[in-house]
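Open the model in your viewer and keep the selection panel at hand. The tour below goes stop by stop.

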Amino acid sequence: MAQPVDAALARSFGLSAEEFATVLAIMGRTPTLAELGVFSVMWSEHCSYKSSRVWLRTLPTTAPWVIHGPGENAGVVAIGDGLAAIFKMESHNHPSFIEPYQGAATGVGGILRDVYTMGARPIANLNALRFGDPGLAVTRRVVDGVVRGIGGYGNCVGVPTVGGEVNFHPAYNGNPLVNAMTVGIAPADRIFLSAAAGIGNQVVYVGSRTGRDGIHGATMASAEFGADAEEKRPTVQVGDPFTEKLLIEACLELMATDAIVAIQDMGAAGLTSSAVEMAGKGGVGIELDMDAVPQRETGMSAYEMLLSESQERMLIVLRPGAEAMARAIFEKWELAFAVIGRITDTGRFVAVHAGVVEVDIPLDPLAEAAPLYTRPHLPPVPRAPLGPVADPLGIEAALLRLVGCPDLCSRRWIWDQYDSTVGGQTVKRPGAADAAIVRLDGSRRALALTTDCTPRYCLADPQVGGAQAVAEAWRNITATGARPLAVTDNLNFGNPEKPEIMGQFVAAIAGMGAACRALDFPVVSGNVSLYNETDGQSILPTPAIGGLGVIDDAALAVGIAPGAGDELVLIGATAGWLGQSLWLREIAGREDGPPPPVDLAAERANGDFVRGEILAGRVVACHDVSDGGLLVALAEMAMAGDTGLALDAAPEGMGAHEFWFGEDQARYVLAVADAPALLDRAAAAGIAARRLGRCAGTDLTLAGGITISVRACRGAHEAFLPNWLQ
Amino acid sequence: MKVAVTVMLKDGVLDPQGRAIGQALTTLGFGGIGEVRAGKLIELELAETDPERARARATEMARRLLANPVIESFSVHIPTEA
Amino acid sequence: MRAGIVVFPGINRERDMAIAIESCFGQAPRLVWHHETDLAGLDLLVLPGGFSYGDYLRCGAMAAHSPVMGAVAAHARRGGYVLGVCNGFQILTEAGLLPGALLRNAGLRFLSMDCFLRVERADTVFTSRWAAGEVFRAPMAHGDGNYTADADTLDRLEGEGRVAFRYVDADGKTSAAANLNGSARAIAGIYSDNARVLGLMPHPEDLVDPLLGGVDGRPLFDSLAAALVA
């Protein structure tokens with residue numbers, strides 16, 4: 001390629017003038033095209049976290065049960081019985097807008113690799129999805145493609161998709177969010193890390209062969225979209241879940257031996273990023289022979305091979321003498337296996353192609369001089385208090401409209417396309433409980449898994465919204481009886497170069513950190529996705545939280561379905577908070593006011609109390625109160641249990657719509673056999689509690705003669721997605 | 001030489017994919033669409049120079065693997081170079 | 001009595017099946033790699049679910065031509081027992097061990113949900129622990145489960161009592177709504193002419209533990225255990 005390597009080319013690669021000047025200083029000469037490519041991807045927002053790192057450091061990341069926090073491919077926590085759960089969530093937002101099916105599919109594949117590269121067998125997938133206005137044809141196309149893509153990949157690799165969340169808002173019209181989470185299990189003393197070691201050790205490439213897919217995907221994920229997004233299509237990668245399945249089995253088979261010194265998947269920025277990270281973390285050098293890289297296309301340059309984002313590939317540093325055995329395993333699984341380099345003592349990343357040194361970069365400066373910005377940030381402007389809002393519609397009509405609205409309707413159409421049972425360990429499938437429950441093979445122990453975020457709260461008050469996202473994940477795990485252990489986060493925001501966007505980010509991190517500390521719920525892994533803007537229009541700030549908990553006996557886990565005769569008790573205080581509620585948006589047509597405050601002490605106390613009741617075997621069903629408020633939670637329980645509910649009158653002192661549809665936090669509805677005893681125990685523990693009614697008949701009956709049939713609720717609840725997408 | 005094998009669902013076997021494509025085209029405003037059938041095109045690069053031998057080999061491959069005779073029919077083409 | 005589970009590249013429900021077999025038979029199955037051809041000592045061969053060869057070309061088409069399938073066919077010819085579930089059923093039809101074929105679901109979407117199946121006859125080694133006409137629940141998880149065959153074949157299957165299970169509603173009645181994937185005559189599973197080879201789309205092996213939602217699938221394995229332990 002005759003293209004001159006200069007500041008203009010660097011800019012087209014996403015490097016600023018200052019960053020390019022640093023490159024020249026490090027190299028002491030003009031870099032080659034391949035070297036410029038290496039710098040540009042390693043210093044991209046996606047790989048370097050240059051805008052977010054200073055703030056991420058403020059999050060709590062430790063606890064006695066945390067084995068590895070952020071910095072590895074995924075977070076690792078001890079879950080008992082000598083086992084560890086390994087998990088992470090990661091975005092594939094930009095590719096999913098350009099090509100929804102492949103974008104989502106390769107998102108699932110990428111996060112799977114982050115988990116099994118550490119030695120874990122993946123046992124569950126989840127996702128957090130945000131789409132634009134359902135009134136737009138493009139939204140339907142994106143939803144359809146993303147759901148098919150997640151299913152197409154996850155179903156084929158044989159990892160059950162057990163949970164997730166979906167929101168719709170026009171702010172995602174040009175920037176849908178596809179955040180995929182994988183959870184795996186490994187022996188706690190058999191965790192594989194990526195730091196290379198052993199001068200002279202072989203560097204081995206396994207998996208799919210390299211093509212020209214996705215070159216500069218990492219830099220694409222670090223830039224705003226314009227109207228030319230269509231033209232970026234060639235950089236989207238195509239996933240091959242069949243090869244991924246073989247790669248999982250082959251890697252786990254090799255991991256059962258002592259052959260591996262270090263292993264790292266080739267994700268964003270492909271071979272470059274894995275080679276640089278492995279050598280960098282190990283404090284060694286690495287030399288690659290690009291001619292040995294298995295190639296799918298002819299005539300590939302070193303630049304193309306180094307930056308290709310072809311999927312389903314791993315880089316492994318082997319112990320001396322292990323090559324023959326390792327090769328036999330990968331050949332048995334019909335996967336490419338090639339020795340493509342060795343570990344050196346030079347501290348440099350060297351790549352040789354056709355006898356020419358195409359890359360020779362010192363690793364320490366590449367890492368240490370990586371840009372780090374404390375970008376200007378404006379504190380978010382607090383929303384004015386909402387003030388009184390009259391009820392324009394009445395309780396019955398509001399409930400039916402709410403349970404059928406896009407943000408609250410049944411997600412059945414989506415989860416029916418995901419294999420949620422493969423593996424034979426899914427105790428609570430999608431919709432059955434507030435968190436998915438997946439048992440550990442051969443054990444009574446199970447994991448509780450959830451993804452949560454309420455972006456409209458985050459826009460109105462990023463700090464409260466950040467705290468609320470963490471609290472809701474903790475609450476959803478608690479509502480099953482499980483003990484919340486740790487979170488992975490996927491921070492989706494707009495352009496960090498805008499001070500108001502950076503202000504959202506900073507405030508959301510502050511809120512998340514406070515909640516994680518108060519709830520002993522540290523962040524052990526995560527991903528940042530910035531520049532989620534199209535033509536200057538930013539998404540809602542969306543710090544999606546993936547939560548993981550453990551329950552020692554899966555038989556004690558409860559779902560949301562009560563039975564006939566059960567009594568219903570509300571735990572937690574109700575003030576009737578309508579600011580930023582779905583009732584306000586869907587019924588009153590306003591997106592106003594501050595979001596409900598998050599009282600972390602109350603969250604902790606109420607949740608610990610509820611978990612104690614569940615583990616004591618005194619709770620039939622439990623559901624947290626979140627989007628839509630109390631009556632929506634009750635209707636969801638009634639539909640799940642196929643029972644009517646006879647409900648007591650709303651308390652004096654607030655409007656019925658405020659009581660039934662307010663979104664006050666830290667609340668749970670419990671279905672129990674003995675409500676008075678529960679109320680006594682709550683009173684003794686200083687926990688706000690209130691009898692709500694009991695399960696009876698086939699309708700929801702409210703004071704004042706209001707009767708709403710559960711059948712009508714179900715009709716409204718189940719209608720939207722099939723009608724819209726079928 | 002290059003050989004192309006086209007695999008189609010047999011006449012009479014319901015083709016929901018073809019039907020969905022037809023409906024989508026109608027929705028897009030394309031009128032006058034009759035039956036739509038969706039199939040597969042498989043291109044093979046064979047180490048053969050004789051078209052008839054290549055055709056025979058591809059036919060055998062189609063019969064044994066590329067098409068399922070219970071539900072599918074196939075045809076073999078040798079793209080003319082020009 | 002010994003069961004073997006055949007593992008093709010891309011299969012993913014072999015562990016589910018092994019758990020069900022071990023829990024019902026009291027003996028772990030042998031995992032048989034697709035290159036193996038010596039199946040001596042195995043009484044029951046199970047082709048489990050998954051995506052053999054990624055479901056590329058056609059579901060089950062490439063697995064049907066694996067080296068192991070010659071041995072599976074020989075086992076069936078000798079009157080041995082074979083169970084194919086989901087992808088395993090697709091492989092059995094592609095290999096010609098069962099008639100018909102499995103097309104894409106009529107709705108063109110992957111379906112992961114519980115379905116109800118009616119036991120059409122209870123006098124086979126697979127179904128003796130059920131009563132004829134009994135209805136049980138089983139998870140389904142497939143994109144290509146729409147059973148088809150020409151009318152003569154369907155008539156013959158029905159006439160010879162070779163329909164094993166049908167998709168029905170909870171009350172045991174067939175209907176368009178209950179026939180989730182659009183299968184011809186609501187057929188969910190069929191037997192070979194000697195009723196020793198069974199293929200079905202849903203997954204009884206994923207419903208053998210009360211903790212996972214029920215034990216509706218157990219009678220299949222208990223029936224086999226009772227027949228084969230002799």
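Contact here means heavy atoms within 4.5 Å. This is a predicted model: local features need pLDDT of at least 70, side-chain atom pairs count only at pLDDT 80 or more, and totals for chains, interfaces and linings use all residues. Residues are numbered from 1 along each chain as its sequence is written, chains are lettered from A and ligands numbered from 1 in the order in which they are written, and side-chain values use heavy atoms, with hydrogens and water left out.

**Stop 1: a glutamine in chain A**

Select Gln237(A). Find it in the loop between helix H9 (217–220) and helix H10 (241–255) of chain A. Helices are DSSP runs of H or I, at least four residues, and are numbered from the N terminus. Is Gln237(A) buried or exposed? Gln237(A) counts as buried, at 5% relative accessibility. Buried means under 20% relative accessible area, exposed over 50%, partly exposed in between (1.4 Å probe, protein chains only).

Now show what surrounds it. Leaving aside neighbours within four places in sequence, Gln237(A) is in contact with His92(A), Gln102(A), Thr106(A), Asp213(A), Gly214(A), Glu309(A) and Gln311(A). Pick out Glu309(A): its side chain and that of Gln237(A) are joined by a polar contact of 3.1 Å. A polar contact is a pair of N or O atoms within 3.5 Å; within protein, one must be able to donate a hydrogen and the other to accept it, and residues adjacent in sequence count only if both atoms are side-chain atoms.

**Stop 2: chain C against chain B**

Select both chains. Chain C brings 14 residues to the contact and chain B 17 residues. Together they bury about 1200 Å², with 66% of it on carbon and sulfur atoms. Leu57(C), Arg58(C) and Leu103(C) supply 43% of the area that chain C buries against chain B, more than any other three residues. Buried area is the accessible area (1.4 Å probe) that two parts lose on being put together, summed over both.

Zoom in on Arg58(C). Arg58(C) forms a salt bridge with Glu72(B), the closest N and O atoms being 3.3 Å apart. The rule (a side-chain nitrogen of Lys or Arg within 4 Å of a carboxyl oxygen of Asp or Glu) finds 1 salt bridge across this interface.

**Stop 3: the cysteines**

Select the cysteine sulfurs. The structure holds 0 disulfides over all chains, a disulfide being a pair of cysteine sulfur atoms within 2.5 Å. For Cys405(A), the nearest cysteine sulfur is that of Cys409(A), 7.1 Å away. Cys405(A) is buried, at 4% relative accessibility. Finish at Cys24(C), whose sulfur is 18 Å from the closest cysteine sulfur, in Cys115(C), too far for a bond.

How values were computed
Helices (H or I, at least four residues) and strands (E, at least two) are DSSP runs, numbered from the N terminus.
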